[in-house]
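Subject: Structure handover

Hi,

Here is the structure for you to take over. Please open it first, then read my notes below.

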Amino acid sequence: MTDGPSSHTWLYRHTAATRLSHWITVLCLLVLVPSGLQIFNAHPTLYWGERSDPAHALFALRALETDNEEMRGVTEIWGHRLDTTGLLGVSTEDGERVARGFPAWATLPGAQWLAMGRRWHFFFAWIFVLNALTFGLYALLSRHLTRDLVPGGRDLAGLGASLRDHLRFRFPAGESRYNVLQKLAYLSVIVGLGPLVVLTGLTMSPWVDATLPLLPALFGGRQSARTVHFALTWALVGFTVMHVFMVAVTGVLNNLRGIVTGWARVRHHDGGVDG
Amino acid sequence: MADRGGLDRRRFLLRGLGLAAAPLVAGCDRLSESRWVAGILRAGEAVTHGVQRTLTWRRALAREFPESARSAVFPGNGTTDPGTADYQALAASGFAAWRLEVRGLVERPARLSLPEVRALPARTQTTRHDCVEGWSAIATWTGARMSALLDRVGVRPEARYVVIRCADLMSSGEAYYESIDLVDAYHEQTLLAYEMNGRPLPVAQGAPLRLRVERQLGYKMAKYVLAVELVERLDGIARGRGGYWEDRGYEWYAGI
């Protein structure tokens, strides 16, 4: 595998619509995640069902006082307790220990300020939704979705091999087309995580629930929807972490150039833009 | 110092994980303080309000549950006892001297005693109460339908909002108040509730009367109601945003 410079060619990899929508999504997530944690902090406990019965919490970030009057942060998952002082439940703010779910550096605004957290969250939720709808429509009409993102039979046949390669940290770099794992990852965000995170968010709206009782029924209740919304957030964060990692290890400059200018260098021999 | 370094490293790693972009958040904190950024973000509320009102059925009912779905404990949030001398005197007499004043843009202003409120066409509903903080609790509410009260006093055509005046004074010394528009005021489930779970409303839940607006968040459902006032505009009342919490940055439209 000693490809000389002559075996590379320039490919217009990402259209302007894809690039713009990508960076709007980045901006939205940078606001939605920390403002969501701010909102979560107003009641840092999760439940299943319609009600929030304190005795049946699934997950909670608590501040407990020990016998020697020390405040400890405790993360409670299904009744199991974990000391997370400094990060979850209790953290340090301006040199002082304070009781709060997520620490100040992870929330927007940093201080406990639910009203402003909601304003940031709902404003950028609208941008997120409008951007997603626009991109979805574009991807359908331009056939970006069916041509580049939906895996074909040949893709799926190579799934095992691709998985093995990735697990051995042998990543394809400079390919002109998405590999099957990329296709599945992007597709699951576009048609799975993205829509679900919006729907679970809407289910928390009592006004929406009155018109669309199907929504709370679908997620098992408003408190379940809140729990799923929280879990999906971390799934999206997890996706983003993996995505950034893959970008970094498969030629960070070339990848960034691609998503900023549209142009990327690809290997000549693998088919190019035959679409 | 070593400990401090360890803490910084851990923070750095967590930031790197994409948990939050701390420098950006710090910048956003400055933005949050800025009046015009708050103004732009406020536009989100107008969009939410407009879209939700347009795309949903105005008369849609909030889900009603069987009584078996009630919460064992219903949190008493906000004021749980107004504690003023006036209120204590009223409560001591079983609210015999309490009157609901109906005033403002109405044809026939009225002062109703509790038995008179109880004599109005009533409704009983077991509904989910959603707090802005994130929790939900279910209870059964019985109360006079707001629409029946409004029909009794006659709403003047220029009236656009129903303002609820309350007996509880907040830490700032201002009395709690709230407001809803006429779409919500005439909604079938909008009540002035005097019973909770089949018993007279407890003090922690707003005795003798609290508002129920089932499709909005808990802070809209003012407790310790003293007066219902019909107005054309909200900007002349208190800080002009239509409610105690609205004056402190929360949305007037609390359907989300």
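A definition to start with: two strands count as paired if DSSP finds at least two bridges between them. Note also that this is a predicted model.

Chain A sheet

By that rule, chain A has an open sheet of four strands, in the order β2-β3-β4-β5, with antiparallel pairing. Strands β2 (45–46) and β5 (80–83) of chain A stand at the edges. Each has a single partner strand, so one side of each is left without a neighbour in the sheet. For β2(A), two bridges make the link to β3 (residues 59–65) of chain A, and the two run antiparallel. Within chain A, A:T45 sits opposite A:A60 of β3(A).

Chain B overall

Chain B holds seven helices and 10 strands. It has 256 residues, and 39% of them count as buried. Of its contacts with a separation of 6 or more, 67% are between residues 24 or more positions apart.

A hairpin in chain B

Strand β3 (residues 122–130) of chain B pairs with β4(B) in the antiparallel sense, over nine bridges. B:Q125 faces B:W141 of β4(B) across the pair. Five residues lie between the strands of this hairpin, and B:G134 takes a positive phi near 130 degrees there.

Cores

The largest nonpolar core has 53 residues. Which of them touch the most other members? They are B:I164, B:C166, B:L192 and B:V225. Elements of chain B that each supply at least two residues include α4 (85–92), β1 (100–104), β4 (136–145), α6 (146–153) and β10 (225–231). β5(B) gives the most, with six residues.

Take B:L192 as an example. Leaving out residues up to four places away in sequence, B:L192 touches B:V117, B:G143, B:A144, B:M146, B:L149, B:L209, B:L211 and B:V225. Another core, of 29 residues, lies apart from the largest one. Among its members are A:L32, A:L108, A:F128 and B:I256.

Interface

How many residues of each chain are in contact with the other? The count is 45 in chain B and 37 in chain A. On the chain B side, α2 (22–33), α3 (35–55), β3 and β4 give two or more residues each. The largest share, eight residues, comes from α3(B). By type, the chain B side divides into 23 nonpolar, 12 polar and 10 charged residues.

Best wishes

How values were computed. Residues are numbered from 1 along each chain as its sequence is written. Chains are lettered from A and ligands numbered from 1 in the order in which they are written. This is a predicted model: local features need pLDDT of at least 70, side-chain atom pairs count only at pLDDT 80 or more; totals for chains, interfaces and linings use all residues. A nonpolar core is a set of buried Ala, Val, Leu, Ile, Met, Phe, Trp, Tyr and Cys residues joined through C-beta atoms within 7 Å. A residue is buried if 20 or more other C-beta atoms lie within 10 Å of its own, exposed if 12 or fewer, and partly exposed in between; C-beta atoms are placed from the backbone. Two residues are in contact if their C-beta atoms, placed from the backbone, lie within 7 Å. Ala, Val, Leu, Ile, Met, Phe, Trp, Tyr, Cys and Pro count as nonpolar, Asp, Glu, Lys and Arg as charged, and the others, Gly among them, as polar.
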